[in-house]
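Hi,

Here is the structure I promised to pass on. Have a look at it first, and then read my notes below.

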Amino acid sequence: MNLSILKIAAGLCLAGTTTAALGQGPRSAGEPSRPEHVQMLARFSRCVAHQWPNRARRVLAMDFRTDRYQRELRDLAFGNSSCLAFGALYFSPVLFAGGMAEQLLREREALNALPAHVALDSSLPPVAARDETEVMSMCAVRAAPAQVSALLRTQAASREESEALAAIAPHFAQCLGSGNQVRLNRIAARSLLALAAYRLGEHNGWTRTASAAVAR
C-alpha cells in the first residue's frame, strides 16, 4: 500500500499529526507509516470510542488548537490498555481522533444517511470552523457526502480507500479555490473528513436533521 502524499489545492499544513510518546498505558512506537500500523490504530481508536463514547464525544467537542485538547486526547488514548493487545501503538493524534469520529458516526448509523446529517441548515447559525483545513474538509463533506460515506466504509490503508479518496480529491480542490495548493497525507485526509462529518452532524443535531430529511 502506498501511503504517499495526495496533492490537492491549498497552502495549508495539517495540525495535530505529530507523534505522542507517553509512558503510561500503551506506549508510542512512532508515527504510523505502514498499512498495518494505520490499521492497528484504526481498530484501537474505534475500540476506545466504543468503550468510552461520552468521553470521546467530549474530547472531539473541544477546540483542537488548544493544549487542553491535545492533553485530553492523549490521556484518552494512553490512559488505558484494554483496547490494545500489545504494549506499543503507532500513534498520530489526528488519526486517533478521526478513528473515534468514524466509530461515533457508525454507532449513530449516520453513514446510512450522511447527506441529510451534514446538509446546510439555513435555520441554524453557521458552524464555526477553527482553521482553513477544517473549512476545506467541511466543504468537501457537504459537496460529496455520498463519496465520504463510501470512503468511511473502506478499510484503512487499503486500495479501496485510495480509490475513494481519489474520487473526493476534486472536491477538495474546488473547496479551496484556484491558486492554492496543499500536500495532504492520504490517511490524514480520511481523518479530517471523518472529523468534519462528525462535527457537522453534531452542529445540525442528529435527530433534527434526520427528521427534516424524512419530512422532505
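Before the notes, one term: a residue counts as buried when its relative accessible area is under 20%. Also keep in mind that this is a predicted model.

Let's start with helix α4, which covers residues 93-107. Of its 15 residues, 13 are buried, so by the under 20% cut-off the helix is mostly covered. Just past the end of α4, have a look at E109, where phi is positive, at about 55°.

Next, the pair α7 and α8. Helix α7 takes in residues 145-152 and helix α8 residues 159-176. Their axes come within 9 Å and cross at roughly 155°. Since angles over 145 degrees count as roughly antiparallel, that is how α7 runs relative to α8. The crossing is left-handed.

Which residues of α7 and α8 meet? On the α7 side they are Q147, V148 and L151, and on the α8 side E161, A164, L165, I168 and H171. Sorted by class, this contact has 5 nonpolar, 2 polar and 1 charged residues.

One more residue in α7 to click on is S149. Is S149 buried or exposed? Its relative accessibility is 6%, so S149 counts as buried. Leaving aside residues up to four places away in sequence, S149 touches L111 and L114.

Happy browsing!

Note on methods: Residues are numbered from 1 along each chain as its sequence is written. This is a predicted model: local features need pLDDT of at least 70, side-chain atom pairs count only at pLDDT 80 or more; totals for chains, interfaces and linings use all residues. Side-chain values use heavy atoms; hydrogens and water are left out. Axes are lines fitted to C-alpha atoms, for helices over the stretch in contact, and angles run from 0 to 180 degrees between N-to-C directions. Helices (H or I, at least four residues) and strands (E, at least two) are DSSP runs, numbered from the N terminus. Angles under 35 degrees count as roughly parallel, over 145 as roughly antiparallel, 65 to 115 as roughly perpendicular and the rest as oblique. A crossing is left-handed if the near helix is turned anticlockwise from the far one by less than a right angle, and right-handed if clockwise. Contact means heavy atoms within 4.5 Å. Ala, Val, Leu, Ile, Met, Phe, Trp, Tyr, Cys and Pro count as nonpolar, Asp, Glu, Lys and Arg as charged, and the others, Gly among them, as polar. The expected span of a helix is 1.5 Å times one less than its number of residues. Buried means under 20% relative accessible area, exposed over 50%, partly exposed in between (1.4 Å probe, protein chains only).
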